[in-house]
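Work through the exercises below with the structure open beside you. Try each task before reading its solution.

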Amino acid sequence: MTNEANLQGTVSAPKAKKRKVASLDRKKARAGWVFVLPFVIGFAFVYLPIIWNSIWMSFHELKIITGGGYELIWAGLDNYQWALFEDPSFVQTLIAGLGELAFDIPAILIFSLFMAVLLNQKMVGRAAFRAIFFIPVILATGIMESIEGQNILGTMMESGINDGSGGSASTEIVSAMDISRLFSSMKIGTELVTYVVDMINNIYDIVNRSGVQMLIFLAGLQSISPAIYEACRIDGATAWETFWKITFPMISPMILVNGVYTIIDSFTTDSNSVMSYINSVYQATDGQVRSSAMAWMYFMIVVLIILAVVGIFSAFVFYQKRDA
């Protein structure tokens with residue numbers, strides 16, 4: 001009886017209320033929202049009205065009113081049909097732009113990953129080399145951006161430097177390398193030969209657009225524990241095996257991030273042929289509404305490509321499991 005009474009008293013005793021303490025993850029989440037709050041406010045009150053106005057204009061015809069101003073007349077999908085079936089250059093420019101994207105993304109990712117692996121090695125002046133490769137990102141603003149938009153530096157590199165004998169020093173270097181003949185002798189397909197040659201010829205543009213990707217790859221490489229590499233060396237793994245079995249899977253999330261970033265960067269840069277064409281249409285008659293339709297079709301294509309890339313890459317991305 002005494003034990004039953006004690007048991008009932010224990011069950012009926014009120015429980016002490018525990019004080020809810022925010023976890024570290026919740027505190028970090030709140031701090032993150034505080035940091036992005038200015039962007040959210042600006043996007044909601046500045047960008048959203050502009051986006052809606054652009055969508056609204058793409059479905060209308062623009063009529064200039066005598067004495068100033070304009071009037072929007074509902075046109076449905078006429079602007080979209082005009083861009084796809086009546087404009088002689090939009091579809092061709094769009095296909096050419098997609099071709100440039102298919103070339104730029106792999107080239108930039110391969111080069112930035114290669115340079116990140118090299119710059120992650122222990123060597124004298126490593127910080128200086130990293131800064132040198134990131135300088136083009138810093139200088140790609142203001143007057144340097146306008147110079148790049150005119151492709152002055154690219155033209156100088158293509159024409160080469162006169163060596164005093166009437167020839168071009170850069171031409172002689174490329175001729176000495178003879179990349180195309182080298183790969184042809186290795187019995188490699190002509191498509192791969194053409195891709196490698198184009199990649200070498202556009203090395204200036206690739207280096208100029210690889211700075212951010214290189215930093216992201218470096219961050220991923222430095223997050224890999226040195227103990228993993230030490231275990232590989234003890235097991236007798238070669239550097240080639242270590243890269244493909246350890247390094248490459250561990251930085252696969254960074255490859256996905258850089259892939260998405262490179263797509264967006266390639267589609268929005270001033271040197272993009274589709275963006276340049278849409279800007280030129282904007283200056284023409286009814287250009288505001290027609291260029292809006294072109295821009296939104298272009299935007300939807302970019303979104304579809306990003307979704308496809310994310311869907312394909314996500315199947316191969318390795319995420320390291322951490323203990324809770």
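The model is predicted.

**Exercise 1. Find the salt bridges of R209 and say which parts of the chain they link.**

Solution. 
Step 1. Search the whole structure for salt bridges; there are three. A pair counts if a side-chain nitrogen of Lys or Arg is within 4 Å of a carboxyl oxygen of Asp or Glu.
Step 2. Take D104 and R209. Their closest N and O atoms are 3.3 Å apart, and the two residues form a salt bridge.
Step 3. D104 belongs to helix α4 (residues 90-119), while R209 sits in the loop between α11 (203-208) and α12 (211-222). The two are 105 residues apart, and the pair links distant parts of the chain.
Step 4. Take R209 and D265. This salt bridge has its closest N and O atoms 3.9 Å apart.
Step 5. D265 lies in helix α15 (residues 252-268) and R209 in the loop between α11 and α12, so this pair ties together parts that are 56 residues apart in sequence.

**Exercise 2. Are R209 and D265 buried, partly exposed or exposed?**

Solution. 
Step 1. Recall the cut-off: buried means under 20% relative accessible area.
Step 2. R209 has 14% relative accessibility and therefore counts as buried. D104 is buried as well.
Step 3. D265 has 25% relative accessibility, so D265 counts as partly exposed.

**Exercise 3. Where do R233 and E230 lie, and how far apart are their closest N and O atoms?**

Solution. 
Step 1. Both residues are in helix α13 (residues 226-234). They are three residues apart, about one turn of the helix.
Step 2. R233 and E230 form a salt bridge, with the closest N and O atoms 2.7 Å apart.
Step 3. Classify the partners. R233, at 54% relative accessibility, counts as exposed. E230, at 40%, counts as partly exposed.

Methods: Residues numbered from 1 in each chain as written. Predicted model: local features only at pLDDT ≥ 70, side-chain atom pairs only at ≥ 80, totals over all residues. Heavy atoms only, no water. Helix = DSSP H or I, 4+ residues; strand = E, 2+ residues; numbered from the N terminus. Buried < 20%, exposed > 50% of the residue type's maximum accessible area, 1.4 Å probe, protein only.
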